[in-house]
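Visitor: I have this model open beside me and would like to walk through its inside with you. Could we take it one topic at a time?

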Amino acid sequence: MIRLAGIADDSIVDGPGIRVTVFGQGCPHHCPGCQNPETWAFEGGLETEEEALADRIRQNPLAKGVTFSGGEPFAQAAGFARLAELLRADYELAAYTGYTFEQLFAMEDPAVKKLLSLLDILVDGPFVEAERSLSLRFRGSRNQRIIDLPKSLAAGRAVECTAERWTGIEN
Ligand code: SF4
């Protein structure tokens, strides 16, 4: 089960192209200036089965990607990993997290490791008001990175994504 704060069926702000964004309910980070403080409480939201969520996502024929957001998706790593398993063959999968890649990579939690292994992109780090910029693509503050997860897991360190569709910067 995933405790859901909501779903955006055709988002264009959480990654390139038309995507379905799944907002998990519950976040431990409490970043000052957070746009979604209503997602902080862990007892809120609506519990939903992963299979039902995947079916709902597949109802949008235009979406080529799915983004997990929050709240903190890694606070529900087992549920989001199950959802990622169901979607992985058909969608580019991305997740926002208030943790850094290094923090997640060091966690011993098998569900966290599994979720990391199933995602294509991780946008990491807390929102930092002093680093806020409106010119960043798909990020709120300059400390956040768009990370290529398969390359990072293979290298054992954060490897930033260089694809223009994510960065807006031509190679
Ligand atoms: S991690 Fe995201 S949802 Fe959580 S407090 Fe920070 S900005 Fe808000």
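Predicted model: local features only at pLDDT ≥ 70, side-chain atom pairs only at ≥ 80, totals over all residues.

Visitor: How many aromatic pairs does a search of the whole structure find?

Guide: The search finds 3 aromatic pairs. In one of them, Phe68 and Phe80 sit 4.8 Å apart, centre to centre, with 45° between the planes, and the pair is tilted. This pair links distant parts of the chain, since Phe68 belongs to strand S4 (residues 65-69) and Phe80 to helix H2 (residues 77-87), 12 residues apart.

Visitor: And what about Phe138 and Trp166, how are their planes set?

Guide: The ring centres of Phe138 and Trp166 are 5.5 Å apart and their planes are at 70°, so this pair is edge-to-face. It also links distant parts of the chain, with Phe138 in the loop between strand S6 (121-124) and strand S7 (145-148) and Trp166 in helix H6 (residues 164-167), 28 residues apart. Both Phe138 and Trp166 are buried.

Visitor: Which peptide bond is cis?

Guide: A cis peptide bond joins Gly70 and Gly71, with omega at about -5°, and Gly71 lies in the loop between S4 and H2.

Visitor: Let's switch to the core. Which residues have the most contacts inside the largest one?

Guide: The largest nonpolar core has 32 residues, and those with the most contacts inside it are Val22, Phe68, Phe74, Leu83, Leu115 and Leu122. At least two residues of this core come from each of S1, S2, H1, S4, H2, strand S5 (92-96), helix H3 (101-106) and helix H4 (110-118). H2 gives the most to this core, with 6 residues.

Visitor: What does Val22 touch, leaving out residues up to four places away in sequence?

Guide: With those set aside, Val22 touches, among others, Leu4, Leu53, Ile57, Val66, Phe68, Phe80 and Leu83. Apart from that core lies another, of 8 residues, among them Tyr96, Val123, Phe138 and Ile146.

Visitor: You mentioned H1. Which of its residues are buried?

Guide: In helix H1 (residues 50-58), the buried residues include Glu50, Leu53, Ala54 and Ile57. These four cover an arc of only 100° around the axis, so they are on the same side of H1. The buried residues of H1 pack against strand S1 (2-11), strand S2 (19-24), strand S3 (46-48), S4 and H2.

Visitor: Now some polar ones. Where is Ser141, and what does its side chain contact?

Guide: Ser141 is placed in the loop between S6 and S7, and its side chain makes a polar contact of 2.5 Å with the side chain of Asn143. Ser141 is buried, because its relative accessible area is 0%. Leaving aside neighbours within four places in sequence, Ser141 is in contact with Pro126, Phe127, Val128, Glu131, Arg132, Ser133 and Leu136.

Visitor: And Thr21, what is its polar partner?

Guide: Thr21 lies in strand S2, and its side chain makes a polar contact with the side chain of Asp14 at 2.8 Å. Thr21 is buried too, with a relative accessible area of 0%.

Visitor: Last topic, cysteines. How many disulfides does the structure hold?

Guide: The structure holds 0 disulfides. Cys27 is found in the loop between S2 and S3 and counts as buried, because its relative accessibility is 9%, while Cys31 is buried with a relative accessible area of 14%. Not counting residues up to four places away in sequence, Cys27 touches Thr39, Trp40, Phe42, Gly71 and Glu72; Gly71 is also part of the cis peptide bond with Gly70.

Methods: Residues numbered from 1 in each chain as written. Heavy atoms only, no water. Phe/Tyr/Trp six-rings, centres within 6.5 Å; stacked < 30°, edge-to-face > 60°. Buried < 20%, exposed > 50% of the residue type's maximum accessible area, 1.4 Å probe, protein only. Arc of directions from axis to C-beta. Contact = heavy atoms within 4.5 Å. Core = buried A, V, L, I, M, F, W, Y, C linked by side-chain atoms within 4.5 Å. Polar contact = N/O pair within 3.5 Å; in protein donor to acceptor, adjacent residues only side chain to side chain. Disulfide = S-S within 2.5 Å.
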